[in-house]
Amino acid sequence: MLRCISKFVSKTTCKIIGANTRHFRNSNLLYKMTDTSPNTEGTESSHYTVLDVNDWSEKYWKTGQIGFHKDYVHPLLLKYADKLTNGKPAQKILVPLCGKTLDLKWIADQGHTVIGVEAVEQAVVEFFTEQNIEYSKETLTDIPGDLYKSSDGRISLYKCDVFDFNRSFKDKVDAVWDRGALVAINREDRERYADLIKSVSAPASRIFVVTLNYDPTLYGGPPHFVEDELIPKLYGSQYKVEILDRLDSLDDRWKERGLTYFEEVLHFLSYKA
């Protein structure tokens with residue numbers, strides 16, 4: 001879904017750099033490392049999974065290991081959609097790192113325009129084919145990637161690196177539904193990602209960010225643990241941040257990884273006047 005930028009590992013060789021470093025492989029495979037970035041405050045995870053675009057495609061999508069994809073619309077979106085749109089019709093809503101989520105079609109069916117960003121082409125194509133939506137495809141000229149658009153114009157999916165998106169998308173969105181982006185972004189890129197989201201959001205925009213609360217000493221992600229305090233640090237300069245809801249999502253998938261709690265936390269970001 002996104003690219004991984006690692007300053008610590010050679011792309012062609014394996015290195016051991018420090019006593020706390022865990023399994024390093026070349027850049028086309030999975031990295032696991034101790035993370036020492038500013039976004040790890042309060043965590044004691046001894047390893048942290050870092051992924052690049054190729055990892056998401058090869059390790060997850062091509063093998064069908066997409067437990068993060070749900071065959072239903074997210075319940076927190078259903079419950080709080082009016083708050084996200086402020087009750088307004090025909091809003092432009094961004095869904096970053098969207099995969100093939102059913103949330104895209106549901107939002108469009110409510111009369112809104114949806115802009116998705118996804119780096120894995122398989123996910124984009126499967127969304128349109130599985131939802132029986134006619135679409136067109138055009139090559140982007142300003143960044144590497146393609147633009148897939150539904151025939152009715154309500155859904156536009158940018159197949160590109162998320163960090164290139166704002167170089168091609170020249171408009172502003174009214175709202176952002178981030179259910180699976182921040183929790184997938186590598187820790188070292190979180191501030192950069194938040195800056196991108198703010199750059200494409202209009203004044204008076206509203207943002208939903210879903211983070212995950214679990215014991216990071218037991219599981220290194222993805223999806224990644226994100227502490228509640230990080231959201232005001234990333235967005236607080238422009239947005240008022242409040243927690244709307246917490247959803248207990250512990251199921252067998254997470255129990256098998258040794259987790260005893262797994263909570264989805266919905267953060268509501270409203271633009272400061």
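Colleague: Is Tyr 148 buried or exposed?

Modeller: Tyr 148 is buried, with a relative accessible area of 1%. Buried means under 20% relative accessible area, exposed over 50%, and partly exposed in between (1.4 Å probe, protein chains only). This is a predicted model: local features need pLDDT of at least 70, side-chain atom pairs count only at pLDDT 80 or more, and totals for chains, interfaces and linings use all residues. Residues are numbered from 1 along each chain as its sequence is written, and side-chain values use heavy atoms, with hydrogens and water left out.

Colleague: How many aromatic pairs are there?

Modeller: The structure holds 16. Rings of Phe, Tyr and Trp (its six-membered ring) pair if their centres lie within 6.5 Å. Planes under 30 degrees apart count as stacked, over 60 as edge-to-face, and the rest as tilted.

Colleague: Why is the pair of Tyr 135 and Tyr 148 called tilted?

Modeller: Their planes are at 40°, so the pair is tilted; the ring centres are 5.7 Å apart. Tyr 135 is in strand S5 (residues 135-139) and Tyr 148 in strand S6 (residues 146-150), 13 residues apart. Helices (H or I, at least four residues) and strands (E, at least two) are DSSP runs, numbered from the N terminus. Tyr 135 counts as partly exposed, at 35% relative accessibility.

Colleague: And what about Tyr 235 and Tyr 239?

Modeller: Those planes are at 80°, so that pair is edge-to-face, with centres 6.3 Å apart. Tyr 235 is buried at 1% relative accessibility. Tyr 239 is buried too, with a relative accessible area of 1%.

Colleague: Which rings form a cluster?

Modeller: Ring pairs link Tyr 214, Tyr 219, Phe 225, Trp 254 and Phe 262.

Colleague: Switching topic. How many residues has the largest nonpolar core?

Modeller: It has 41 residues. A nonpolar core is a set of buried Ala, Val, Leu, Ile, Met, Phe, Trp, Tyr and Cys residues joined through side-chain atoms within 4.5 Å. Among those with the most contacts inside it are Leu 94, Tyr 158 and Tyr 235. Elements giving two or more residues to this core include strand S8 (173-178), helix H6 (190-199) and strand S9 (201-213). Apart from this core lies another, of 27 residues, including Leu 76 and Val 124.

Colleague: What does Tyr 158 touch?

Modeller: Leaving out residues up to four places away in sequence, its contacts (heavy atoms within 4.5 Å) include Ile 115, Leu 140, Phe 165 and Phe 169.

Colleague: Now S9. Why is S9 described as largely enclosed?

Modeller: 10 of its 13 residues are buried, so the rest of the structure largely encloses S9.

Colleague: In which sense does S9 pair with S8?

Modeller: Parallel, over 5 bridges. Two strands pair if DSSP finds at least two bridges between them. Arg 206 in S9 is the bridge partner of Ala 175. With strand S11 (residues 263-271), S9 pairs in the antiparallel sense over 8 bridges. There, Ser 270 is the bridge partner of Arg 206.

Colleague: Last one. Where is Asp 178?

Modeller: Asp 178 is in strand S8. It counts as buried, at 2% relative accessibility. Asp 178 and Val 95 are 83 residues apart in sequence, yet 6.0 Å apart in space, C-alpha to C-alpha. Beyond its neighbours within four places in sequence, Asp 178 is in contact with Pro 96, Tyr 193, Phe 208, Val 209 and Val 210.
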